Each structure stands twice: as C-alpha cells, then as structure tokens.
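Please keep the sequence and the structure at hand while reading.

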Amino acid sequence: IDLTNGAGSISSVPRLESRTWILLAVAVAVVVAAAFRHSPIGRFAQAGREDELAAGAMGIDLRVTRFAALVVSAGLVGLGGAMRSQSLGTVNPTQFSFELSVIVLAMLVVGGMRTISGAIVGTVLVTVGKDLFRWLGDGPGGLPTVEGMPDFFLAALLLAVLLTRPSGLLGDWDAGQLVARLIRKAEPPEI
C-alpha cells in the first residue's frame, strides 16, 4: 500500500519534459507490431484469426501463436502505460475508466483493426475530432456552450464508419504494403 498509495494516486512519477520519448515509443511500437505481423508466428496468428479450423489442420499450434500475440500486446500496452504515466506525472485509478476503453476501441474500429495503419489513422482521427468538438462545445467566439459535443462526434463517427465501412476506414489496406512495393520498384534489376 505504501508503494502504490492504495486507492489514491501515485504522484511521484517523473514527468517527461519533451515529447521525444513518446514519439520514440510510438516508433518502437509500430516497428515491433510490424515485425510481429510479418514474422512466421505473426502469419500463423493471422491464419488462426481467419480460419481457426484450417490453421489447426495445417499444423499451426494456435495456443502458441495466441500466447505470443498476448505477450507482444502486453509489452506494447506496458510501454504505452509507462509513457502515459510519465506524460501526466501521476497514475490514478480514475484515469482508466470505461469511457477510455470505449474510446480506444472506437479508435480501432474507425481506422480498421486488421492493420497497423488503420490503428494509427483511427487514433489520430478520434483524438483530433474529440478535441475539435470539445473546443466547439465550449462555445468559442461567443457561441453557446453545448454539453457532450465530443461524445456526439464519437457516436456519429462510429455510426458512419460502421454503416459505410464495417471493416474500418482503411479496411485491409496497410501503408507498409505501399512502402514495400516502392522499395521493390527502387531496387535495380538483376542482370
């Protein structure tokens, strides 16, 4: 109880002075996710996601692939939690509410759950949109104050995406595929 202060908060977390460490952590997370996705065990996990029965029939041990995915995900979530606590300078149980879980899930649904690019696009779109609608709801320039504008934006965005693009804005498209294609084109032909 002395270490975590029980239901109180941990307020002695050293704060980051710049965003450099956060951007570096984002880059590390993207590289680790891409490396896992393109590794043999990552491809086995994708096969198990698509058709569990067929993957098992091909000899893929789904327990191992799911455990590997869990370990990689836990590491990335831990990195994100460390960056969040150091950017805020405190950790409090009330920071991790049901609303935060819904927002994170909405980020994945909006961008697309199957690709790294979809997760990034969804995160940027939901974060910028919620901040913009929070600003609009506060009544800038003498406009009336409207409560719940960020929630309205999130609900409208989720409905629009789920009705028009159920697999997310990017669907199965990934920027990594485009980069790989460009690199292959740039390579000199073999003689």
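Predicted model: local features only at pLDDT ≥ 70, side-chain atom pairs only at ≥ 80, totals over all residues.

Contact here means heavy atoms within 4.5 Å.

**Helices H5 and H6**

- Helix H5, residues 98–111, and helix H6, residues 116–137, have axes that come within 7 Å and cross at roughly 125°, and that makes H5 oblique to H6.
- The crossing in which H5 passes H6 is right-handed.
- On the H5 side the contact is made by Glu99, Ile103, Ala106, Met107, Leu108, Val110 and Gly111, which meet Gly118, Ala119, Gly122, Thr123, Leu125, Val126, Thr127 and Lys130 on the H6 side.
- Sorted by residue class, the contact of H5 with H6 comprises 8 nonpolar, 5 polar and 2 charged residues.

**Helices H6 and H7**

- The axes of H6 and of helix H7, residues 149–164, come within 7 Å and cross at roughly 140°, and that makes H6 oblique to H7.
- H6 and H7 cross in a right-handed manner.
- From H6, the residues Leu125, Val126, Gly129, Lys130, Phe133, Arg134 and Gly137 meet Met149, Pro150, Asp151, Phe153, Leu154 and Leu157 of H7.
- The contact of H6 with H7 divides into 8 nonpolar, 2 polar and 3 charged residues.

**Helices H5 and H7**

- The axes of H5 and H7 come within 10 Å and cross at roughly 35°, and H5 passes H7 in a left-handed crossing.
- Glu99, Ile103, Ala106, Val109 and Val110 of H5 make this contact together with Asp151, Leu154, Leu157, Leu158, Val161 and Leu162 of H7.
- The residues of the contact of H5 with H7 comprise 9 nonpolar and 2 charged, with no polar residue among them.

**The largest nonpolar core**

- In soluble globular proteins, nonpolar side chains tend to be buried together.
- The largest nonpolar core in this model has 11 residues in all, namely Ile103, Ala106, Met107, Val109, Val110, Val126, Phe153, Leu154, Leu157, Leu158 and Val161.
- H5 and H7 each supply at least two residues of this core.
- Val126, which is found in helix H6, is a member of the core and counts as buried because its relative accessible area is 0%, against a cut-off of under 20%.
- Once residues up to four places away in sequence are left out of the count, Val126 touches Ile103, Ala106, Met107, Val110, Phe153, Leu154 and Leu157.
- The C-alpha atoms of Val126 and Leu157 are separated by 8.4 Å, although the two residues are 31 residues apart along the chain.
- Ala106, with residues up to four places away in sequence likewise not counted, touches Val126, Leu154 and Leu158.

- Gly137 lies in helix H6 and, at 3% relative accessibility, counts as buried.
- Leaving aside its neighbours within four places in sequence, Gly137 is in contact with Pro144, Thr145, Val146 and Met149.
- A separation of 7.7 Å is found between the C-alpha atoms of Gly137 and Pro150, which are 13 residues apart along the chain.
- Ser117 also has its place in helix H6, and Ser117 is buried with a relative accessible area of 12%.
- Apart from neighbours within four places in sequence, the contacts of Ser117 are with Leu170, Asp174, Ala175 and Gly176.

- Ser85 is found in helix H4, which covers residues 62–88, and Ser85 is buried with a relative accessible area of 13%.
- With neighbours within four places in sequence set aside, Ser85 is in contact with Val13, Thr90 and Val91.
- The C-alpha atoms of Ser85 and Ala27, which are 58 residues apart along the chain, are separated by 18 Å.

Methods
Residues numbered from 1 in each chain as written. Heavy atoms only, no water. Axes fitted to C-alpha atoms, helices over the stretch in contact; angles between N-to-C directions. Helix = DSSP H or I, 4+ residues; strand = E, 2+ residues; numbered from the N terminus. Parallel < 35°, antiparallel > 145°, perpendicular 65-115°, else oblique. Left-handed = near helix turned anticlockwise from the far one by under 90°. Nonpolar A, V, L, I, M, F, W, Y, C, P; charged D, E, K, R; others polar. Core = buried A, V, L, I, M, F, W, Y, C linked by side-chain atoms within 4.5 Å. Buried < 20%, exposed > 50% of the residue type's maximum accessible area, 1.4 Å probe, protein only.
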